[in-house]
Structure formats: structure tokens, C-alpha cells
Number of protein chains: 2
Amino acid sequence: MSTIADVAARAGVSKATASRALTGRGYVSAGTRDRVVAAAADLAYVAHSSATSLATGRTQTVGVIMPPVDRWFFSELLAGIQESLFALDYELALYGVREGTETRARLFHTVLPGRRFDGIIAVGIQPSAQELERLHRWERPLVSVGPYSEGSSAVSIDDVGAARIATEHLIELGHTDIAFVGGASDADELSYGDAQRVEGYLEALAAAGLEAIARIADAPPTMPGGYAAAVELLGDRRGRPTAIVGVCDEAAIGAMIAARRLGIAVPTELSIVGVDDHQHAEMFALTTIKQSPREQGHEAVRLLQQRIDRPDAPQERTVTASALVVRSSTALRR
Amino acid sequence: MSTIADVAARAGVSKATASRALTGRGYVSAGTRDRVVAAAADLAYVAHSSATSLATGRTQTVGVIMPPVDRWFFSELLAGIQESLFALDYELALYGVREGTETRARLFHTVLPGRRFDGIIAVGIQPSAQELERLHRWERPLVSVGPYSEGSSAVSIDDVGAARIATEHLIELGHTDIAFVGGASDADELSYGDAQRVEGYLEALAAAGLEAIARIADAPPTMPGGYAAAVELLGDRRGRPTAIVGVCDEAAIGAMIAARRLGIAVPTELSIVGVDDHQHAEMFALTTIKQSPREQGHEAVRLLQQRIDRPDAPQERTVTASALVVRSSTALRR
DNA sequence: ACCGATGATGGGAGCGCTCCCTCACTCTCG
DNA sequence: CGAGAGTGAGGGAGCGCTCCCATCATCGGT
């Protein structure tokens, strides 16, 4: 493994000049630059990242903290972040957040002070006041995806709005018995975004004077979760709702499959709407609210990059709009 | 941000002693150690990772190269890797592999020589001879998950075996018209493991003297992929197979949904078997071959750790067994 | 002819850590 | 009782890079 000293020697210049030629910072004559670049190529020289980091204080690495990627939304988001970071020549260090505070504690006590990252993208995490304070002391930019908190840029989905639109769509179709699949009686169990969606559902009902009929079935935001909850919900022939809002498409699809098994026709007997526009939504002809997690990933990186370049620039907050995509899982109430 | 010099000063010892006390390498008296540790705690001292790396040559970071995590298998595998790395105090730097060689080229030309990683876990990647040579020159361990190549440890699924078992199961049930959903006429389009599965399917047929009936439907290894392929396969009432092997559970489930829509009863009229034991397999009562991607992730990290500790230890190769999980998507041929 | 930009280069300090080497001291054992 | 091993601590080089500063040449403007 050759060092910059080797390159400098081979090009017949000093280390300083070689560094300037290679990084593009400072005065170097064209001829010298070419010689240095050629020498570097000959030696297959690549700067030692730790040495560069130590000298510059920048690691070219971004930490990404996110929930397990087994949900489509997160895996898409991660893909978006990955694409953008790659394009900007940043490494991506992935951190899981298990609710177990161990990961989180370690992150704040060891990883951040270790100055491994130039910035952080935190997905679906609401930092505590104490954590925020530490982040502030960390003096490096944070962009959060989802929840928004003072002192950091954020790209958010309007989760409340998405669920509201979904619910309103059903109300407009004449439904007055609309259940929500994918809540949790213990609110702590819900991710931030999911909690917001419950909120949106309730808001829409309230706006239509239907708050009394609110029915929230607890379920994890997964297909089996939605399936199980729907089986229970639809099992009773008379108390059965005529429409269902899923906390996400996975849950909605689970509910749809449950309905089919129970011989309940969708959409004639039961309307179902989801949130996300999951890759499977089309196959199931699911009416849903389109989010674009991949683009949100891009946006998050853009914001972060901006703040890395100009740390004193004002915080920015992007809220991406939600759009209703009508397919054929919803219909007028009979 | 305090440095080790600050800690040393506060504890009234030299930098060297402080370092020894904190890293646990070399002689330090218990009393001194305690004083240093206390001083470090007071100052909230955490070693600067770049400085440590530069001095030790180790980054405590492992690079993970894998396909997009939108398939359950990969997201589980990643989760397993993440868990184990976290437990061992390693950072995880994530790399996508788009077939676009750009990522790959950059990895080999810039990232590896930049000495950012102590080791690499490569998932589903068959390095070219030239790449292998570079890896060798890199002199750091590589563990591959999936394909096995000379000179690196590997944890592999017996993909051939898995698909063979799945197919044999159908043959034992009396089926003689068994289609495979999720191939690709252009073999390059298939991931390594998927290609192996096609292999296993063909092997089983051949062993039963059924090679003549092999029918491989091209489809991406996804639910919509399996759905579309199955719709085509099952559309023709007479030429219809009596059993289907899915390249993975997602594809198998897609096929199952297609069958339902077409009014074909599973398993009475059509048997379906998948590979993976996906989280949704149970909900669909899918007979499948159980893999444990999460455990494979653990195993990959274990192998890597071993090789980081003792670089000259012999290469190890783990092949995890596959087990048939019979649910109710398969039945005797009528 | 002199001066101050401007361009091009080299010397070398310094980033924060580890670890080799040296030194001092205390035991242990022949 | 002295040699040698074992233990504890400090000094300081060195990891590979960047970047500040000093130096020197060139050149146009007064």
C-alpha cells in the first residue's frame, strides 16, 4: 500500500504539492498536477481514509438510524438514501433501532462522540430532550425523516393528512361504519408515523360528525397483522363495518385477504383503503394514498448535504404531499 | 471534545498510561486504572475513531455488500448481520450492489484501498477472477453469503438442495406435471441463489425421470411476479400443471393468489410449494423449505470475526441445512 | 527600477491515538 | 545477596494526511 509520500517521490514533488494536486485545493500548475495524477495511478494510490479524516475532521460517512427494514416503506427509504449518498461519495453506516434502549444509549454515548459521522439521518425517531441536547452538543447536522423536532431539518410525510384523505374518501362514498386496522391500545407500541395515521383517521371522522363510530383494531402493521385483525372484525356478521382503513398497505392487504376468505366481496360489500402505495398495491387493486419513500430518502440526503456544507444555514423542513390513488378496492356503500 | 491528553492530565498520569488504562492493553495498577476511568467519565471522553484507526490500523467497521433489501430474505439476513456486528462493537457500512458495475468498480478501486473496513461480508455476489485477486491483495477477510469461492469463508444455503427437496415433495405426492415459477430465460438476470434453485428443481425432475416435463416460467422473485407468471401458466385449462414450485415464498404466494382468483382450489387442484419460510408463509398455509436468513447473518459475522482475529486460520465454509415445512398448500395429486 | 499581487512549491507542524522502548521498583529464587 | 523476572509508568515516535506559512519566481503597473 503506497502513501502520498511515495506518490510525491515518484512525481518529484513534495507531499504538500501532491496533496494539493490530488485534492484539488490550492495552487498547482497543470503540468505538475498531471505528473502527480499519473504517479498516483501508477501506484494505485488511494488515500488512507482514517488519516484523511484525522487531518480534516470529516469522515465522509453518514449514520443512518432506522427501524428494521422488513417493512416496504423503510426498505424503499433506505434504498433512496443509499442512492443519494452514493452519488455524493458518502459512506452509509447503518444503525438499527430496537426499542431496547441499549442501541440508542450506545449511539449517544459512544458512537456520536467518536466522531465517526459527518451527519445523521434518523428515521421515525423522536429524540428525547436529553438526546436532543446531546445532538446539539455534537455540532453536526441531523436530518430526521418523519417526526420533526426543533433544531434539525426534517422531511416528513403528512401522515395525519394521508390517513385523513383515506378516511374522507370512504366517507364521501357514503360509508358511516369505518374501522381502522393497525392501531395499538398501548400508544408506545406504535411508530411515530403510525400514531399520526390513527390521528388522521379520527380527525376525518370528527370532521364528518362520525367520531362516535370510531373503531380501532389493534394489529401490527403487517399483512398477517391486518389479516388477523380483520378476521376478528369481520367475523361478526351484523356488527361488521362497511369500510376499513389500513394503517399501511400491508395491513390493508391482509384485511383484503381476510375478507376474501370470509366470502365478503371487495369492494361491493366492503371497501378497503390503505396508505403507502406499496409495490403490491396494484396487484391487489388497492385504493391507497401514495407516498414516495424513495424520494424522501433522496430529499433527506439533500437536506443533510446542505447542512454539512453550510452548518449555519437555516433548518429546513419538507413535508411531502400525499395523493389518493383510486383503484378498485373501494366503492359506494350499497 | 476532550482528548486523551486531557484525561491523562486530569488523572495525573501520562498519555501512555491513560491509553493503557482505557484500552486494557498493558500493565496498569488497579488504582491508576480507576483514576483514569473516572477522569474519562468526568470529561465524557470518547476516543476519536479516526485517530484510533490511524494508529491501530483497525476501523471497527465491516462493509456489507448486498442486493436491495426489498426481499424478505435479504432484510432478515441484514437484520442478523446487524445484530451480531452490534454485539461485537463493529460498525456496519452498507453497500448496495446494483448490477451497474459502477458501484462495484468504486468499491474495488476506492473503498477497499481506502482501508475503511476490517472485513467484508458479501451477499449473493460472485466476484470475478480479477476482483478476487484484488481482494486477496487487500489482505483483509471476506466472508461471502451464498456463492462460495476459493480463498474466502462462506456461509451458504444449500439452494440446490432446497429446491430439490421442494420438488421431490411434490413428486412423492404423485405429481408429474410440476412447473417452476420464477426463472429467467436470461440466466444473468437471476441472482446466484435463484439460479441454484432452478438447478435443484431440474435435478429432482431428472432423478425421477421427469426431466421432459420441466416447465420454467420467467418471473421476478416477487409476489406480483409470481402472480403474473401463474396467471399465464394456469390460464389454459388443459395444459395446466398440477403443482408449482416457487423460486421463493413471495413468488409462490403470488401464484397462490393467482390460483384463487382463477377459481383453482389449492391444494386440491393445485399444489404449491415455496422456498424460504417467509414470515407470510404461515398465513397462507404455504408448504415451504425453511431457511433461516437471520441465523445465517449471525453465522457470517461469526466467521468474519474469526478471520479478523486469526487471519491465517483456515477458511471455513458453513452450509446450512434446509428443512421441509409442510403446511396445507400441497396435497396428493387427485 | 521598485513594489505588490499572484502563482507555484516545499517545509513541517499537528490531527489524536497507540505502542515501543526505557527506566524504576519490587519480588523471587538459587 | 545479586541476577533476573515481573510489574508499573513515562517519553516520544509514528500512523498518513492536510494545511498553514515561508519562500521564490514572474509580471504588470507606477
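Is Q60(B) buried, exposed or partly exposed?

1. Basis of the model. This is a predicted model, in which local features need pLDDT of at least 70, side-chain atom pairs count only at pLDDT 80 or more, and totals for chains, interfaces and linings use all residues. Residues are numbered from 1 along each chain as its sequence is written, while chains are lettered from A and ligands numbered from 1 in the order in which they are written.

2. Confidence. pLDDT is the predictor's confidence in each residue, from 0 to 100. Chain A has a mean pLDDT of 92, with 99% of its residues at 70 or more. Within chain A, the lowest confidence falls in helix α6 (residues 101-111), with a mean of 83, and the highest in strand β8 (residues 243-246), at 98. Helices (H or I, at least four residues) and strands (E, at least two) are DSSP runs, numbered from the N terminus.

3. Contact between the chains. Chain A and chain B each put 35 residues into their contact, where two residues are in contact if their C-beta atoms, placed from the backbone, lie within 7 Å. On the side of chain B that touches chain A, two or more residues come from each of α4 (49-56), α5 (72-87), β2 (91-96), α6 (101-111) and α10 (223-235) of chain B. The most come from α5(B), which gives 6 residues. By class, this side of chain B has 19 nonpolar, 12 polar and 4 charged residues. Here Ala, Val, Leu, Ile, Met, Phe, Trp, Tyr, Cys and Pro count as nonpolar, Asp, Glu, Lys and Arg as charged, and the others, Gly among them, as polar.

4. Symmetry. Chain B is superposed on chain A by a rotation of 180° with 0.0 Å of shift along its axis (RMSD 0.1 Å). This is the relation of a two-fold axis. The same surface serves both copies, as 100% of the contact residues of chain B recur in chain A. The copies are superposed by least squares on the C-alpha atoms of residues with pLDDT of at least 70 in both.

5. DNA strands. A residue is near a strand if its C-beta atom, placed from the backbone, lies within 6 Å of it. DNA strand C has 27 residues around it, and the closest are A16(A), T3(B), I4(B), A16(B) and A55(B). The surface near DNA strand C takes at least two residues from each of α2 (15-23) and α4 (49-56) of chain A and α2 (15-23) and α4 of chain B. Its residues divide into 13 nonpolar, 11 polar and 3 charged. Around DNA strand D there are 25 residues, of which T3(A), A16(A), A55(A), A16(B) and T17(B) come nearest. In the surface near DNA strand D, α4(A) gives the most, with 5 residues.

6. Backbone details to check. Most residues other than glycine have a negative phi, and most peptide bonds are trans. Q60(B) is not a glycine, yet its phi is positive, about 55°. Q60(B) sits in the loop between α4 and β1 (61-66) of chain B, and it is partly exposed, with 17 other C-beta atoms within 10 Å. A residue is buried if 20 or more other C-beta atoms lie within 10 Å of its own, exposed if 12 or fewer, and partly exposed in between, with C-beta atoms placed from the backbone. The peptide bond between V266(A) and P267(A) is cis, with omega about 5°.
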